[in-house]
Amino acid sequence: MTPAPLLAAAEKSAPVTDWAARLGWVIGLLLFVALVYWLMREGWKWRGTLQGDLPELPSAPAEPGEAKLTMSGRYHGSTTAGQWLDRIVAHGLGTRSRAELTLTDAGLDVVRPGARDFFVPAAQLRGARLDKGIAGKVLTEGGLLVVTWAHGDKLIDSGFRSDHAAEHTTWVDTLNDMINKTEGAR
């Protein structure tokens, strides 16, 4: 039989949690996440600085004319044409938002609540197509309306998704017909 003092020495309670070490790890993790977020923000600002040569976006004319088409949905961003991952952030073009699109003979008016609106004159429209992705957003095949337009010396692809995806085909056809007529008149 084991003597009582040895038995008492052998029984120990479960180790107590070292709260100082846990708190240190949590604070360290939070600082790491804050650093990564700050670096991402600085990268976004740096990209905007690099794209500083992009001219100011035109605003809609006072009398744009009668609406050919309207659409409500989401604006998913703009990229350099043909390079679906090269996001353009200058002048607020990188900000995803809700959008109201209106196509008139004057051009394409993009109204974005909570973000900067812009207007693409009809003479600057270059094409429209259905695609599956643009920087930061990938959808099913044909789930995204991509409008190509010229701004300064740069071609830009802007991606939109309608609240009613069936509208996309009508938009592509109408935009491309309008662009072909504009090019024929030049």
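## Arginine 116 and glutamate 56

In this predicted model, arginine 116 pairs with glutamate 56 in a salt bridge. Their closest N and O atoms lie 2.5 Å apart. Arginine 116 is partly exposed, at 37% relative accessible area.

## Aspartate 105 and lysine 68

Aspartate 105 and lysine 68 form another salt bridge, with 3.0 Å between the closest N and O atoms. Aspartate 105 is in the loop between strand S3 (97–103) and S4, and lysine 68 is in the loop between H2 and S1, so the bridge ties together parts 37 residues apart in sequence.

Exposure is given for both partners. Aspartate 105 counts as exposed, at 56% relative accessibility. The cut-off for exposed is over 50%. Lysine 68 has 41% and counts as partly exposed.

Salt bridges with shared partners join Arg41, Glu42 and Lys45 into one network. Within it, glutamate 42 bridges to lysine 45, the closest N and O atoms being 3.3 Å apart. These two residues are about one helical turn apart because they are three residues apart in helix H2 (residues 19–50).

Glutamate 42 is partly exposed, with 28% relative accessibility. Lysine 45 is partly exposed as well, at 41%.

## Overall count

How many salt bridges does a search of the whole structure find? The total is seven.

Conventions. Residues are numbered from 1 along each chain as its sequence is written. This is a predicted model: local features need pLDDT of at least 70, side-chain atom pairs count only at pLDDT 80 or more; totals for chains, interfaces and linings use all residues. Side-chain values use heavy atoms; hydrogens and water are left out. A salt bridge is a side-chain nitrogen of Lys or Arg within 4 Å of a carboxyl oxygen of Asp or Glu. Helices (H or I, at least four residues) and strands (E, at least two) are DSSP runs, numbered from the N terminus. Buried means under 20% relative accessible area, exposed over 50%, partly exposed in between (1.4 Å probe, protein chains only).
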